[in-house]
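Let's take a look around this protein together. Here it is, and the notes below walk through a few spots inside it.

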Amino acid sequence: MRIAMVIAACLLLPLTAEGAQIFEKVGTLGGQSLKMGVGARANAMGDSYVAIADDASAVYWNPAGIARLSGQSITLNHTAWPADILFDQAGYVFNIKWIPGMIGVNVRALTMSRDIVRTTYLPEGTGDTFDAGEWTYGLTYARALTDKFSAGFNVNYVQTGLDDVKGKSVTFDFGTLYEIGVMGAKIGMAIQNVGSDMTFIDEKVKMPVFFRVGGSAQLFQQGESRLITCAEFTHPPDNSEKLNMGAEYGFHDYLFLRGGYKLNYDTEGLTAGFGVKFPLTVIKSSVARLDYAYQDLKFLSDAHHVSLNVSF
């Protein structure tokens, strides 16, 4: 019996140490809105988008993706999280004739409605209110270096606010995208949020340096129908590694059905959604795509994502 207890202790101790090492990091980093995925299409596909990144939302997922865009593109994204927390993003991608490559600008905002200031002695409220949120302003540049390989980077200015207290930081994102040339397969990689620590109430807070790598492929195309699948591995600095998977079925390039799953998350799992593409002009030189995504957050209820992308 004693030998069995010793063996059990030897087996459990490494697991306990590993679990403690993971969970000791949770809640220790700032800039948490920088980890929130952008765009209902990507959200519906399980946030597995680093190797797709073929619209203006690529400024978040993989800046190298905008190098393959042409003309101008606009993306508007809105997410309603539980507890009346809202996340919004807007981006604009364009090119300048005398500068090779593509340029993008974007802004992200994590906001909440004003709440009542409470103290130990006045738990019902002092009569004052406060708000909290996080804002990010980004500039992107990307260029196709060959017919198959592109690279890009972001510069982000991040500001966190809690009532009248604010923290600021500057971060950088780097991404690459490689088109294999078989079955529309692509490999993407991005490193995000590399930069300065944020000083908040006289304390230095590190930013969530994030690594993601993934692949995508077109499994089949028959007539006007096609199926794209994707998978992505992510390594957050404050939790365990994650695996995201997703797929998109497109019919006549105007109706899209999507689904995905997120593995090794505490409160995230199944994702689903759809999209509709339609022309904005008679000659179809300008098109728009309206997307919706549903995200199951288990005991935290669910989240809803809506996006509008316009290319012209």
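## Around alanine 42

Leaving aside neighbours within four places in sequence, alanine 42 is in contact with Asp47, Ser48, Tyr49 and Trp61. Keep in mind that this is a predicted model. You'll find alanine 42 in helix H2, which covers residues 40-44.

Is alanine 42 buried or exposed? Its relative accessibility is 1%, so it counts as buried, the cut-off for that being under 20%. As for glycine 30, twelve residues away along the chain, its C-alpha atom is separated from that of alanine 42 by 24 Å.

## The nonpolar cores

The largest nonpolar core has 14 residues, and those touching the most other members are Val38, Tyr49, Ile52, Trp61, Trp81 and Phe87. Helix H3 (58-61) and strand S13 (225-235) are the elements that give two or more residues to this core. There's also a second, separate core of ten residues, with Ala53, Ala56, Ile66 and Val93 among them.

Back to isoleucine 52: not counting residues up to four places away in sequence, it touches Arg41, Met45, Leu177, Lys186, Ser216, Ile228 and Cys230.

## The pockets

The largest pocket holds about 1200 Å³ of space. Its lining is made up of 44 residues, with Gln32, Ser33, Lys35, Met36 and Glu268 lying nearest the centre. By type, that lining splits into 19 nonpolar, 16 polar and nine charged residues.

The second largest pocket comes in at about 350 Å³. It is lined by 18 residues, and Asp54, Asp55, Lys277, Arg289 and Ser311 are the closest to its centre. Here the lining has seven nonpolar, three polar and eight charged residues.

Technical notes
Residues are numbered from 1 along each chain as its sequence is written. This is a predicted model: local features need pLDDT of at least 70, side-chain atom pairs count only at pLDDT 80 or more; totals for chains, interfaces and linings use all residues. Side-chain values use heavy atoms; hydrogens and water are left out. A nonpolar core is a set of buried Ala, Val, Leu, Ile, Met, Phe, Trp, Tyr and Cys residues joined through side-chain atoms within 4.5 Å. Buried means under 20% relative accessible area, exposed over 50%, partly exposed in between (1.4 Å probe, protein chains only). Helices (H or I, at least four residues) and strands (E, at least two) are DSSP runs, numbered from the N terminus. Contact means heavy atoms within 4.5 Å. On a 1 Å grid over the protein atoms alone, a cavity is a set of points where a 1.4 Å probe fits but cannot get out, and a pocket is an open set with protein on both sides within 12 Å along at least five of seven lines; lining residues have an atom within 4 Å of a point. Grid points are joined across faces, edges and corners, and a volume is the space filled by probe spheres set on the points. Ala, Val, Leu, Ile, Met, Phe, Trp, Tyr, Cys and Pro count as nonpolar, Asp, Glu, Lys and Arg as charged, and the others, Gly among them, as polar.
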